Amino acid sequence: MPPGTTAYLVRRVLLLVPLLLGLSLIMFGLIHAAPGDPVTARLGPQAAANPEFLTQARKNLGLDQPLPVQYVRWLGDLLQGDLGNAYTFNNVPVLDLIQSRFWGTVQLQGVSLLLGLLIAIPVGIVSATRQYSTTDNLVTVGSFIGLALPNFWLALLLQIWLSVELGWLPTVSTGQARAGFPERLEYFVMPVIVLALPNIAYFARFMRSSMLEVIGQDYVTVARAKGLEPRAVLYRHALRNALIPMVTVVGLQLPRVLSGAVIIEQIFAWPGLGRLAYDAIGQRDYPVILGVTMVTGAAVMVVNVLTDLAYALVDPRVGVQG
Amino acid sequence: MRDEGIVGVAPARRADDPVLAAPTGLAAAPAPRRWAVARRFARNKLAVAGLLTIVVLYSAALAEPLIGRYPYDEIGFGLRDKPPSADHWLGTDRQSRDVWARLVKGGQVSLAAGFAAVVIIMTIGVTLGGLAGFFGGWVDALLMRFTDILLAIPLILLLITAASLFQPSLRTTIVVIGLSSWPGAARLVRGQFLALKGQEFVTAARAIGAPPGRIMLRHLLPNTLAIIIVEATLWLSYAILLEASLSYLGLGVQIPTPSWGNMLQDGQRELLAGAWWLTLFPGMAIFLTVLAFNLVGDGLRDALDPRHRRR
C-alpha cells in the first residue's frame, strides 16, 4: 500500500458523515415540498370529505409535527439503525423492504455487468489490435448504436417479439419467486440483454482506447524489438496495463448497479430497489423514499472511495491525495 | 456515464468519466485554427453523417406545419390503430390520429425540450464550476461537496422526485432536467479553470491588474469553450433521452401535446393488440437523434484535440 493510505481512508470515511447528512436534508426537503402527503395519496379525494379523519391519520403517522421535529426524530431513529415502517407495503419495516429488494437489483445488475465485461474486453482487444480494419469499424459503429438505443424502448420491442409473438419467454417477472432454478433463468434473459447492451458498448469502446494507448508506448515497442512473440507482448505486457483504467470505469458503473434501473425494473415488474423507489414516490411513502435514497447514496459514496483506493493500489504511480 | 442508468451514458456525470468526458489538457495547447478543426471534422464520416441527421431533424421540426400532412391533435373516427398505409404513412394511433403528424410535432417538442434543458445545465454548470475553480477555497469546497451529494442520488430518482413537486408539463420537464443534471458539467469546468489559472498567461493578466471577472470571461472562458461545446453536444443527446424517459413514465410532457416519450407510453397500451408501429417509430426517432448527437460530439472532440484523434 502506498504511504498515507490509512490517513487518506480515515479522512474520506469521515467526510461521508456530512455528505450523508446533506443528502438526507436535501431529500427530506424535496419530498416534503411536494404537494400531497401519504394520507391523501392513499385515501384519494374521498378523504378530503372527512377532515377529522384526515387529521387523525396524519397524527398517527407523526405528520402533524413541525418539519424540523419530524426530521430530528427520523434522524434519531436512523442512528439507532431504524429506518421506520413503511406507510404502504403492509407497514413492514423499511429495512426489511430494502433488504428483500436489494438482492433482486444486485442479481440483475450484477449479471448484466459481468456479461458486459466478459464480452467487451475481448472485443475491445481485437478492435485495438486491428485498428481501422473492418472488424474495428464494425465495433465502433456497433458501440455507438449500443449507446444510443433507448433501453426502455428495446425492452418493449423484446417483450412484444420474444414473449407475445413467439411465446418463448415470460413477459414480466411476477412468477419469478415461485419458479425453480432452471426456469428462473428465463426471467433474466430480457432484462439482462437490455441492461448489458449499453455496458458492452461502453466497456468495449473504453477497452479499445485503453489498449491503443498502451500499445503505442515505448516499453511495448521495446518488447517487440527484442523479438518477443507478438502474443506474449500483447497479453503479458500490454493487456495488464490496459486493464488498469477499467477499474475506474467499472467503479463508475457500480452506483448504477446498486440504484437499479428504475424504468427497466418497472417494465419487467422486477422486484428491485428501482421499482420500490418509484412506487414509494408515487405513494408519497416518506420513510421508504428516504430509506432507499440513503442506502443507495451511501453505497455510491462508499464505492467511490473504494474505486479511488483500488486505483491507487493497482497503479503505484497514482498517489492518494485529495 | 449512461447513468442512470436508465438509458445511455450521461456525459461526465462525473467529470473524470474516461470515455465521454471532454479531453483534459486540451486548453493548454495553442488554440487550434478554426479551419483546421473544420477540416478534421469533415474527414470523420460518422461525425458528418451525424451532423446531417441533426440538420434534417431540426429542419423537419421547424417545417412541421408544412410536412405534417394532418393536424397532430385531430381525433378521427373509425381509423383506430390502422397500420402504415399510403394515406397514413406511419399508421394511426388509438384515437385515430396520424402517427407521422404526431412524430413530427413530437420531434419539435422533444428537440426543443432537450435544447432548453441543456441551456440550463450549461449555464448553471459553467457559472458555478467557473467560480469554484477560479476562487478555490471554501467556495470550491462547498460546490464540490454539494455535487458529491447530488451525484450520489441516482439521476432518474432525483428527476422523478423533483418532477413530483410540480404539475407535469413541458416546462416543468425542462426545468427539472436542467436543475438536476448540472453537477457533472460544473465539475468539468471547475477542473479546467483550476488547471488554467496557474498558467503564465493568467499570471500575466493578473500582473497588469486585470480584475477577476475579466480574467474569467476574457482569458479562462475562451480557453474552456471547446470543452464546453463538446460537453453540451453530448448532453443534448442525454437530455432528449431523459425527457423521453420522464414522459414515458407519465411524469413529463402531457398528452395531447405529443413528445417521443409520451408517444411510447401511449402506444404501449396498444402493443398487445399488435400495433407495433406506435412503439417502433417514436423509439427509432429517439435512437437516431441520440446517435447523431453522440457522433457529432465525438467527432468534435477528436477534431478539437488532435492528440485524441481516432482513438
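1. A definition to begin with: a salt bridge here is a side-chain nitrogen of Lys or Arg within 4 Å of a carboxyl oxygen of Asp or Glu. A:Arg205 and B:Asp298 meet that rule through their side chains, at 2.7 Å from N to O. Across the interface of chain B and chain A, the rule finds 1 salt bridge.

2. Please keep in mind that this is a predicted model, in which local features need pLDDT of at least 70 and side-chain atom pairs count only at pLDDT 80 or more, while totals for chains, interfaces and linings use all residues. Residues are numbered from 1 along each chain as its sequence is written, chains are lettered from A and ligands numbered from 1 in the order in which they are written, and side-chain values use heavy atoms, with hydrogens and water left out.

3. Chain A has 13 helices and 0 strands, where helices (H or I, at least four residues) and strands (E, at least two) are DSSP runs numbered from the N terminus. Its C-alpha atoms fill a box of roughly 90 × 60 × 35 Å along the principal axes. Of the 322 residues in chain A, 50% are buried; buried means under 20% relative accessible area, exposed over 50%, and partly exposed in between (1.4 Å probe, protein chains only).

4. Back to the interface: 53 residues from chain B and 57 residues from chain A take part in the contact, with contact meaning heavy atoms within 4.5 Å. The area buried between the two chains is about 5,000 Å², and carbon and sulfur atoms give 76% of it. Buried area is the accessible area (1.4 Å probe) that two parts lose on being put together, summed over both.

5. Over all chains the count comes to 11 salt bridges. In one of them, B:Asp93 pairs with B:Arg102, with the closest N and O atoms 3.8 Å apart. B:Asp93 is buried at 4% relative accessibility, and B:Arg102 is buried with a relative accessible area of 4%.

6. B:Asp266 forms a salt bridge with B:Arg97, the closest N and O atoms being 3.5 Å apart. B:Asp266 lies in helix H11 (residues 260-268) and B:Arg97 in the loop between helix H3 (64-67) and helix H4 (99-135) of chain B, so the pair ties together parts that are 169 residues apart in sequence. B:Asp266 is buried at 7% relative accessibility, as is B:Arg97 at 2%.

7. Within helix H5 (residues 137-152) of chain B, B:Arg145 and B:Asp148 sit 3 residues apart, about one turn of the helix. Their side chains meet in a salt bridge at 3.0 Å, N to O.
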